[in-house]
Amino acid sequence: MINPFYLYGYGIFVISILALVTAPVQAEQTAIDVRVISRGAKFIGTSMGGVQITLHDARTGELLVQGKTRGGTGDTQRIMRESHGRNGVLATESAAVFSTRLDLDEPRLIEVRAYGPLAQVQSANTVTATQWVIPGKDLTGGNGWLLEMPGFVVDILDPPAHKGVTGLPRKIPVSANITKMCGCPLVPGGLWDADQYEISALVRHNGEFLSELPLEYAGETSRFAGTLTAEQPGSYEITVYAFDPETGNTGLDITTASNVSAE
């Protein structure tokens, strides 16, 4: 005959095990720092409107958190002049960052999406990446979760959009302000050497490619200019681009000079 006390003890043991197995896992706070650095330059922060950061569960699509990078462009000496190994730390305390804490109860494959710079949406770009994140294992060391944003900020100043022009032939000034995505300036012989980049305007007339107009440094930081001669009536579309032949980095902006007529 089985001892009833034995059965009672065994039952308590089984109930305890089942309770442990079925008990919900307690979520752990996990810190994540997301930074976005301009290709060939510095961090994108408050001075350029920041970068919109969105974190999703990559498998379910669940929105986890969103916000903007805030802070400065970082330490120029550390980023641009010092040599760095494969795991070199570029970020300093003042470098722009989006910091968050997620309550995770299991490992998650997280997708981060960065869109910006938000103050120059005509040149804004998007980069994404995915990474496994373990509850309680923070992504804050070194650079945190670092993304590189390609592009240049190209802001056409002249002609303004849909500018009406009369009298042919007509010389149309073309000018643009061009920086790195972090706002870092382009100057001949400077840290971001304007002479190393190709800066031109692609011109289309009534939808057909017409010519390419090289733009020259205009004597003011990040300012480039040239003159388009309109010889035929119609609509002129002007695409100003900046291109780095060493890295392939590219940015552009578009404007139009419309209703060009002979009168």
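A residue counts as buried when its relative accessible area is under 20%. In this predicted model, serine 222 has a relative accessible area of 3%, and it is therefore buried. Serine 222 sits in the loop that runs between strand S13 (216–217) and strand S14 (223–230), and its phi is near 70 degrees, a positive value in a residue other than glycine. Asparagine 206 likewise shows a positive phi, of about 50 degrees, although it is not a glycine. Asparagine 206 belongs to the loop between strand S11 (198–205) and strand S12 (208–214); with a relative accessible area of 48%, asparagine 206 is partly exposed. For context, most residues other than glycine have a negative phi, and most peptide bonds are trans.

Cis peptide bonds also deserve a look. One joins glycine 116 to proline 117, with omega near 5 degrees, and proline 117 lies in the loop between S5 and S6. Another links aspartate 158 and proline 159, where omega is about 0 degrees; proline 159 is placed in the loop between strand S8 (152–158) and strand S9 (163–166).

The strand pairing around S5 comes next. Strand S2 (residues 52–57) and strand S5 (residues 108–116) pair in the antiparallel sense over six bridges, while S5 and strand S6 (residues 125–133) pair in the antiparallel sense over nine bridges. Isoleucine 110 in S5 stands opposite aspartate 57, and isoleucine 110 also stands opposite glutamine 131 in S6.

Aspartate 57 is buried at 4% relative accessibility, and arginine 108 is buried at 14%. Asp57 and Arg108 are linked with Glu62 in a network of salt bridges.

A search of the whole structure finds four salt bridges. Among them is the contact between the side chains of arginine 39 and glutamate 148 (3.1 Å, N to O). Arginine 39 lies in the loop between strand S1 (28–38) and S2, and glutamate 148 lies in strand S7 (residues 145–149), so this pair ties together parts that are 109 residues apart in sequence. Arginine 39 is partly exposed, at a relative accessible area of 25%, and glutamate 148 is partly exposed at 40%. Glutamate 220 forms a salt bridge with arginine 223, with 3.4 Å between the closest N and O atoms. Here glutamate 220 is partly exposed at 43% relative accessibility, and arginine 223 is partly exposed at 25%.

Note on methods: Residues are numbered from 1 along each chain as its sequence is written. This is a predicted model: local features need pLDDT of at least 70, side-chain atom pairs count only at pLDDT 80 or more; totals for chains, interfaces and linings use all residues. Side-chain values use heavy atoms; hydrogens and water are left out. Two strands pair if DSSP finds at least two bridges between them. Helices (H or I, at least four residues) and strands (E, at least two) are DSSP runs, numbered from the N terminus. Buried means under 20% relative accessible area, exposed over 50%, partly exposed in between (1.4 Å probe, protein chains only).
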